[in-house]
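Here is a short tour for someone meeting this structure for the first time. Keep the model in view while reading.

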Amino acid sequence: MLLLFATTSCLGFSTGFPSSLTSYSRYLNSDSILHLKSDGLTAEERDAKIVKATKAMTAFTNKYLVNTETTLCTELSIPAVVIKGLAEHKVDLGAPLCPCRFYEDKEKEVKDGYWNCPCVPMREEKKCHCMLFLTEDSAFAGDSQVRLYIYK
Ligand code: SF4
């Protein structure tokens, strides 16, 4: 089981959540089955890759929060779910395609790059519709010192 926590350097609180990493999703293009990068892996192999990708996406998130002067949401289960979705896409599609959108063709979207995290709206306008990176004017913006880490 993989646990994702949030903490601050000055506060002692943390929050954790269990994450089932064993369910597969079969992605459909408009007229064909999408071939996943994780095809051919055992459940254990895929889980191991998702744990590794979750660590990478967590490290990226913590760094990007600082670089963009944004914060996590006060409800920490939101960034936890978003990071899990990004990690699953990284393993299954080869890129951290935004997990908060519907795509007719995920392979095409990955190639286009527009919605690969950090997406173009985030890079250009600091707009993250997943609420992973919030600007201070957001009603849901949390403590600017809060960072995520994972425990396994
Ligand atoms: Fe990443 Fe953009 Fe999705 Fe936010 S909206 S999680 S920045 S891809």
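## Helix α1 and Ala53

Ala53 belongs to helix α1, which covers residues 43-68. The model is a predicted one. Ala53 has a relative accessible area of 7%. Buried means under 20%, so Ala53 counts as buried.

What does Ala53 touch, leaving aside its neighbours within four places in sequence? Its contacts are Ala87, Lys90 and Val91.

## The overall layout

The protein has 4 helices and 3 strands. In which order do the elements run from the N terminus on? The order is β-β-α-α-α-α-β.

The protein holds 152 residues, and 45% of them are buried. Contacts can also be sorted by distance in sequence. Take those between residues at least 6 apart. Of these, 63% join residues at least 24 apart.

## Glu88 in helix α2

Glu88 is part of helix α2. Is this residue, Glu88, buried or exposed? Glu88 has 13% relative accessibility, so it counts as buried.

Residues up to four places away in sequence are not counted in the next list. Glu88 touches Arg46, Ile50 and Leu93.

Leu97 sits in the loop between α2 and α3. Its relative accessibility is 0%, so Leu97 counts as buried.

Which residues are in contact with Leu97, leaving aside its neighbours within four places in sequence? They are Leu86, His89, Tyr103, Lys106, Glu109, Val110, Trp115 and Asn116. Glu109 is one of them. Leu97 and Glu109 are 12 residues apart in sequence. From C-alpha to C-alpha, they are 7.7 Å apart in space.

## The disulfide

How many disulfides does the count come to? The count is 1. This disulfide joins Cys100 to Cys130, with 2.0 Å from S to S. The angle about the S-S bond is 130 degrees, and the link of Cys100 and Cys130 is right-handed.

What does the pair tie together? Cys100 lies in the loop between α2 (77-93) and α3 (106-112). Cys130 lies in the loop between α4 (120-125) and β3 (147-151). The pair therefore ties together parts that are 30 residues apart in sequence.

Cys73 counts as buried, with 3% relative accessibility. Cys128 counts as buried too, at 17%.

## The ligand and its shell

Where does the ligand sit? The ligand sits in the largest cavity. Around the ligand are Val82, Cys98, Trp115, Cys117, Cys119, Met122, Cys128, His129, Cys130 and Phe133.

Sorted by class, the shell has 9 nonpolar residues and 1 polar residue. The shell has no charged residues. Some names in the shell return from other sections. Cys130 of the shell is also a partner in the disulfide with Cys100. Trp115 of the shell is also in contact with Leu97.

## Backbone details

Which bond joins Cys117 and Pro118? A cis peptide bond joins them, with omega at about 0 degrees. Pro118 is in the loop between α3 and α4. Cys117 is among the residues that surround the ligand.

Two residues other than glycine have a positive phi. Lys126 has a phi near 55 degrees. Met131 has a phi of about 65 degrees. Lys126 lies in the loop between α4 and β3, and Met131 is also found in the loop between α4 and β3. Lys126 counts as partly exposed, at 37% relative accessibility. Met131 is partly exposed as well, with a relative accessible area of 21%.

Notes:
Residues numbered from 1 in each chain as written. Predicted model: local features only at pLDDT ≥ 70, side-chain atom pairs only at ≥ 80, totals over all residues. Heavy atoms only, no water. Near = heavy atom within 4 Å. 1 Å grid on protein atoms, 1.4 Å probe; cavity = no way out; pocket = protein on both sides within 12 Å on 5 of 7 lines; lining within 4 Å. Sits in = over half its atoms within 2 Å of the grid points. Nonpolar A, V, L, I, M, F, W, Y, C, P; charged D, E, K, R; others polar. Disulfide = S-S within 2.5 Å. Buried < 20%, exposed > 50% of the residue type's maximum accessible area, 1.4 Å probe, protein only. Contact = heavy atoms within 4.5 Å.
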